[in-house]
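Please open the model in your viewer and keep the selection tool at hand.

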Amino acid sequence: TEAVTISTKLVQDGVIGVVGPATSGASAATYQVLDGAGIPVISPSATANNVTQKNPDDENSEVYNSVFRICFEDSYQGAAMAQFAYDTLNAKRVVIYGDSTTDYAKGLTQAFTDQFHKLGGTVVATEYYVAKDTDFNGTLTKIKDMTYDAIYIPGYYNEAGLIAKQARAMGIDCPIIGGDGFDSTTLVDLAGTAALNNVYFTTAYTTVGASDALQAFIDAYKAEYNKEPSMFAALAFDATNLLMETCEKAGSNNPADIQKVLVDIEFDGITGSFSFDATHTPIKSVLVVELVDGVQASAVSVSPEM
């Protein structure tokens with residue numbers, strides 16, 4: 001509701017483009033307002049399947065003319081983690097412990113499950129928590145007695161950090177894997193460094209092997225905010241630069257002119273170079289990052305066999 005109210009005000013204020021919102025649910029709620037006004041909107045991190053389309057439940061639905069995103073969608077990153085778990089971690093049995101309240105978590109759960117089953121893996125159990133929960137010991141105690149090779153947590157760092165901490169405290173030492181919602185320094189604050197070993201997550205951004213442009217961004221961000229930038233900060237930086245570059249190339253402040261340039265743009269950002277597919281979703285690879293003592297230690301590119 002708040003996202004819709006703000007978007008309506010932005011339309012009334014005469015903006016020529018919008019970056020955000022950050023999450024899939026809030027983003028989807030604004031699209032009818034912004035697209036209806038013909039204002040280009042670029043989401044840094046709305047990863048829900050088909051969210052750029054007018055009917056997300058139908059993958060053949062019409063695409064919003066003015067809606068774009070610079071992140072891959074949940075079906076792709078969920079499948080990528082299933083592929084990585086099965087092939088690289090040799091995980092053949094997995095427990096899923098996910099957020100029951102967000103489109104993001106639901107999309108990841110479905111995509112991971114579908115791909116893991118396709119590869120021949122078994123989802124031993126699917127358990128749920130509610131966003132803002134803080135005590136996960138009851139469910140983790142139940143999970144501990146099961147037979148599995150990894151735990152997949154589709155959700156955000158707020159809960160994932162506490163789940164990792166509580167799981168490790170009760171002796172669950174198997175790989176903990178998740179999506180790009182893990183990517184925040186708050187994950188380390190909540191879990192502690194000792195709990196964040198044998199932890200992997202999918203992302204579009206990593207500080208491992210940073211390019212000169214990415215390192216310059218990291219240094220500038222740390223100087224400004226006195227902390228490491230998360231994936232969300234890097235994606236927002238790229239989304240904002242994309243909008244500004246598009247405005248320059250359009251040579252116009254007319255939203256319709258900006259939208260026409262966006263469709264065919266080739267963008268080179270700190271989270272990768274990309275163009276847009278027919279659904280205004282970027283064509284880019286998925287990275288799987290490993291944490292060692294809470295620090296990003298390695299990253300590999302994964303392309304799921306979908």
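Which residue of β5 stands opposite V95? Select V95 and look across to β5: the residue opposite is A125.

A note on conventions belongs here. The model is predicted, so local features are reported at pLDDT of at least 70 and side-chain atom pairs only at pLDDT 80 or more, while totals for chains, interfaces and linings use all residues. Residues are numbered from 1 along each chain as its sequence is written, and side-chain values use heavy atoms, with hydrogens and water left out.

**Stop 1**

Select strand β4, residues 93-99, together with β5; the two pair in the parallel sense over seven bridges. Strands here are DSSP runs of E of at least two residues, helices are runs of H or I of at least four, and both are numbered from the N terminus. Two strands count as paired if DSSP finds at least two bridges between them.

Now extend the selection to the whole sheet, which is open and has seven strands in the order β5-β4-β6-β7-β8-β11-β12, with mixed pairing. Its edge strands are β5 (122-129) and β12, each of which pairs on one side only. Neighbouring strands of this sheet are turned by 25 degrees against each other on average, direction ignored; the axes are lines fitted to C-alpha atoms (for helices, over the stretch in contact), and angles run from 0 to 180 degrees between N-to-C directions. Strands of a sheet pair through backbone hydrogen bonds, either parallel or antiparallel.

**Stop 1**

Select residues 286-292, strand β11. Five of its seven residues are buried, where buried means under 20% relative accessible area, exposed means over 50%, and partly exposed lies in between (1.4 Å probe, protein chains only).

Next, follow the chain from β11 into β12. The two strands form a hairpin with two residues between them, and D293 in the turn has a positive phi of about 50 degrees.

**Stop 3**

Select T206, in the loop between β8 and α8 (212-225). Is T206 buried or exposed? T206 is buried, because its relative accessible area is 9%. Its side chain reaches the backbone nitrogen of V208 at 3.1 Å. A further polar contact, of 2.6 Å, joins the side chains of T206 and Q296. A polar contact is a pair of N or O atoms within 3.5 Å; within protein, one must be able to donate a hydrogen and the other to accept it, and residues adjacent in sequence count only if both atoms are side-chain atoms.

**Stop 4**

Select S45, in the loop between β2 and β3 (67-69). S45 counts as buried because its relative accessible area is 9%. A polar atom of the S45 side chain lies 2.6 Å from the backbone oxygen of A22.

On a 1 Å grid over the protein atoms alone, a cavity is a set of points where a 1.4 Å probe fits but cannot get out, and lining residues have an atom within 4 Å of a point. The structure holds one cavity of 30 Å³ or more, and about 50 Å³ of space lies in the largest cavity. Grid points are joined across faces, edges and corners, and a volume is the space filled by probe spheres set on the points. The lining divides into five nonpolar, three polar and one charged residue; Ala, Val, Leu, Ile, Met, Phe, Trp, Tyr, Cys and Pro count as nonpolar, Asp, Glu, Lys and Arg as charged, and the others, Gly among them, as polar.

**Stop 2: backbone geometry in the loops**

Select G20 and P21; the peptide bond between them is cis, with omega near -10 degrees. P21 belongs to the loop between β1 (18-19) and α2 (24-36).

Move to N90, in the loop between α3 (74-87) and β4. Its phi is near 55 degrees, a positive value in a residue other than glycine. N90 is exposed, with a relative accessible area of 53%.

Finally, select H280, in the loop between β10 (272-274) and β11. H280 has a phi near 65 degrees, again positive in a residue other than glycine. H280 counts as buried, at 9% relative accessibility.

Definitions and conventions. On a 1 Å grid over the protein atoms alone, a cavity is a set of points where a 1.4 Å probe fits but cannot get out, and a pocket is an open set with protein on both sides within 12 Å along at least five of seven lines; lining residues have an atom within 4 Å of a point.
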